[in-house]
Amino acid sequence: MGSKLEGDVYYPSEEVINQANVKNYDDLYKRSIEDREGFWAEQAEELDWYKKWDKVLDDSNKPFYKWYTGGKTNIIQNAIDRHLRTWRRNKLALIWEGEPGDVATYSYHALNREVSKFSNVLKSMGVQKGDIVTIYMPQIPELVIAMLACAKIGAAHSVVYGGFSVEALAERIEDAKSRVLVTADGGYRRGKPTQLKSIANDAMKRSPNIEVCICVKRTGEECYMENDRDFWYHDLMGLPIASANCETEQTDAEDMLFILYTSGTTGRPKGQVHTHGGYSVYTSTTHRMVFDIKDEDRWWCAADPGWITGHSYIVYAPLINGSTVMMYEGAPNHPYPSRWWQMVEKYGITILYTSPTAIRGLMRFGDAWPKRHDISSLRLLGSVGEPINPEAWKWYHKIIGNEKCPIMDTWWQTETGGFMITPLPVTPLKPGSATKPFFGNEVGVVNDEGKEAKAGEEGKLVIKNPWPGMARTILNDEERYVNTYWKNYEKQGWYEAGDSARIDKDGYIWVIGRIDDVIKVSGYRLGTAEIESALVSHASVSEAAAIALPHELKGNAIHTFVILKAGETESKELAEDLRNHVASEMGPIAKPETVKFVDGLPKTRSGKIMRRVLKARALGQDEGDLSTLEE
């Protein structure tokens, strides 16, 4: 039996409840708040340590919190080394499919061999503990191997998403002071090879720091290789220096594991610093509990390792938990909109974790594509990246989950390292709500003065406590770290997420969107996500974006951009119908001034709509930094 629907709440089936790792959210949540340090000590006991910590939480220098101080560990000790001593040694760690259809698989034993060899290659190139290696690659196994190899020798990695521009890559190399760059000649996207090495070459001209560039041959396209600087990955891995024996470096719990840059709408990118100890504990705990991980699961997080979702939930947490990880190189609808469903069937995927943008994009092609495939192996679904609109949630639940798979709609950020607000499989679900805080976290919705908003009232989302997965600082800029996240609620010691949200009468949290994605019309605050959801709930609409443009009377007016479903035709009548539809869904105040039909929307490569770009275009202004824009 699937989940029961009562009103707009989906209740999990008996089967889901009976097999859940955590059967009672409320009791464990209460305990995790009353004894936060005890709870996080217990979770840390699930992992191996070279030396146990002296103190779970050191809050002597707020907001620069430290976790598991005095502990000695290395994320690789838990993601690979400990599995080699058990039956998991021969378990599949990674299944990879390239866009052209090529396949590679690695057991934990084989993954360890490749990681050890590349660790030795990096050492031979002078990489030392504490160095930052920049990685700029497509979604291929060598990207994961490079990340793990850096961690193994105590170097930090800075992964730059393989679709970023020359400027974005050069800026990040410069900030991290990287001597070594790992890249590839290209990757495949919608049937075409991308030109990564030529972008890397241009970036290296601007970043004289780079002394060594290691390049994976993926597409075989012609590319310029500079003598004494550029080396082919396969050549190096065939040399005696690439020994398959490499000792894992013991690191301090607070040693840097990686930096990952976040782009705001303004200012230079912020290099978020994550560390070995707390991040290992937090990501593996959230993954294990929220997605109810079993040994027989085949886990597919359909993100890119270049984003935090990929770091935490493709690479690190699933490997720590001994999972079999699926990874795919290309576009979800190439060559046909059934590509994902074909892979779910082919590999027996049991858990799929993806973004609302991908779900809406595939929903646009209708139900026939997923229905051609046997996707009954799926037992849980997940959503990440932005609030999922109820319409897409229901389609995902009904068509992909066959009404039996609970949807884990997770809210978190690059800065948080892992899920902060999320259901568990046993949680009753409300489509569009991220539900309740994860264990150990107290979450509030407050006004500018820090007063709690009333039930249903919108305010700023804050986290009232430190947690192990948190970014420790911004690389080379402690002041910016304090000012961006802690300054406004310094007295209370709260972390400000930069999102607006509301909490309903049942304590369910509804994230509305970035604070700069809220439109004020005649004094009313309307979330762009809510307007877009209203549009997408119309039978003709596949995707939508809403922005505010100045208006003489209202202060701002709502302007919308709409992608129609396949087979629908744009017309003045349909535009008027859509305006009235939003008004009837949300009230007359939300009626858009205009509805413009478009073929595509500007999005970041993680799938978030870049509303500021739409706004700049509409106002004829400079579009600003487009380095995060999808091709």
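A charge sits over a ring if NZ of Lys or CZ of Arg is within 6 Å of the ring centre and within 35 degrees of the ring normal. The legends below describe a predicted model, in which local features need pLDDT of at least 70, side-chain atom pairs count only at pLDDT 80 or more, and totals for chains, interfaces and linings use all residues. Residues are numbered from 1 along each chain as its sequence is written, and side-chain values use heavy atoms, with hydrogens and water left out.

**View 1. Two charges over aromatic rings.**
Start with Arg372, whose charged end sits over the ring of Trp369, 4.2 Å from the ring centre. Then look for Lys430, which lies over the face of Tyr508 at 4.6 Å from the ring centre.

A pair of aromatic rings is described by the distance of the centres and the angle of the planes. Rings of Phe, Tyr and Trp (its six-membered ring) pair here if their centres lie within 6.5 Å; planes under 30 degrees apart count as stacked, over 60 as edge-to-face and the rest as tilted. Searching the whole structure gives 38 aromatic pairs. One of them is the tilted pair of Trp67 and Tyr68, at 6.1 Å centre to centre with 50° between the planes. Trp67 has 0% relative accessibility and so counts as buried (buried means under 20% relative accessible area, exposed over 50%, partly exposed in between, with a 1.4 Å probe and protein chains only). Tyr68 is buried too, with a relative accessible area of 0%. The rings of Phe291 and Phe419 make an edge-to-face pair, because their centres are 5.9 Å apart and their planes stand at 65°. This pair links distant parts of the chain, 128 residues apart: Phe291 is in the loop between helix H10 (276-290) and strand S18 (298-301), and Phe419 is in the loop between strand S22 (407-409) and S23. Helices (H or I, at least four residues) and strands (E, at least two) are DSSP runs, numbered from the N terminus. Phe291 and Phe419 are both buried. For a cluster linked by ring pairs, find Tyr25, Tyr29, Phe39, Trp40, Tyr282, Phe438 and Phe439.

**View 2. The nonpolar cores and the surroundings of Leu148.**
A nonpolar core is a set of buried Ala, Val, Leu, Ile, Met, Phe, Trp, Tyr and Cys residues joined through side-chain atoms within 4.5 Å. The largest has 119 residues, of which Tyr68, Phe118, Ile135, Leu148, Phe291, Phe439 and Leu461 touch the most other members. Helix H6 (residues 141-152) gives this core its largest share, 9 residues. Not counting residues up to four places away in sequence, Leu148 touches Ile76, Ile80, Leu111, Val115, Val315, Tyr316 and Leu319 (contact means heavy atoms within 4.5 Å). A second, separate core has 50 residues, including Ile359, Ala544, Leu564 and Leu578.

**View 3. Strand S30 and its partners.**
Strand S30 (residues 555-564) is largely enclosed by the rest of the structure, because 8 of its 10 residues are buried. Two strands pair if DSSP finds at least two bridges between them. Strand S29 (residues 541-551) runs antiparallel to S30, with 10 bridges joining the two, and a hairpin connects them through 3 residues. Look for Leu549, whose bridge partner in S30 is Ala557. Strand S31 (residues 594-597) runs parallel to S30, joined by 4 bridges, and His559 stands opposite Thr594 in S31. Together, S30, helix H18 (residues 572-586) and S31 make a right-handed β-α-β unit; right-handed means that, with the strands pointing away from the viewer, the path from the first strand over the helix to the second runs clockwise.

**View 4. Strand S23 beside S24.**
From strand S23 (residues 443-446), Val443 and Val445 point one way and Gly444 and Val446 the other, and all are buried. S23 and strand S24 (residues 459-463) run antiparallel, joined by 4 bridges. Lys460 in S24 is the bridge partner of Val446.

**View 5. Helices H11 and H15.**
In helix H11 (residues 308-320), which is mostly covered, 13 of the 13 residues are buried. Gly322 follows H11 and has a positive phi, near 70°. The buried residues of helix H15 (residues 390-400) include Trp393, Trp395 and Tyr396.

**View 6. Phe64 and its contacts.**
Phe64 lies in the loop between strand S3 (55-58) and strand S4 (66-69). With 17% relative accessibility, Phe64 counts as buried. Leaving aside neighbours within four places in sequence, Phe64 is in contact with Arg472, Thr473, Glu478, Tyr481 and Val482.
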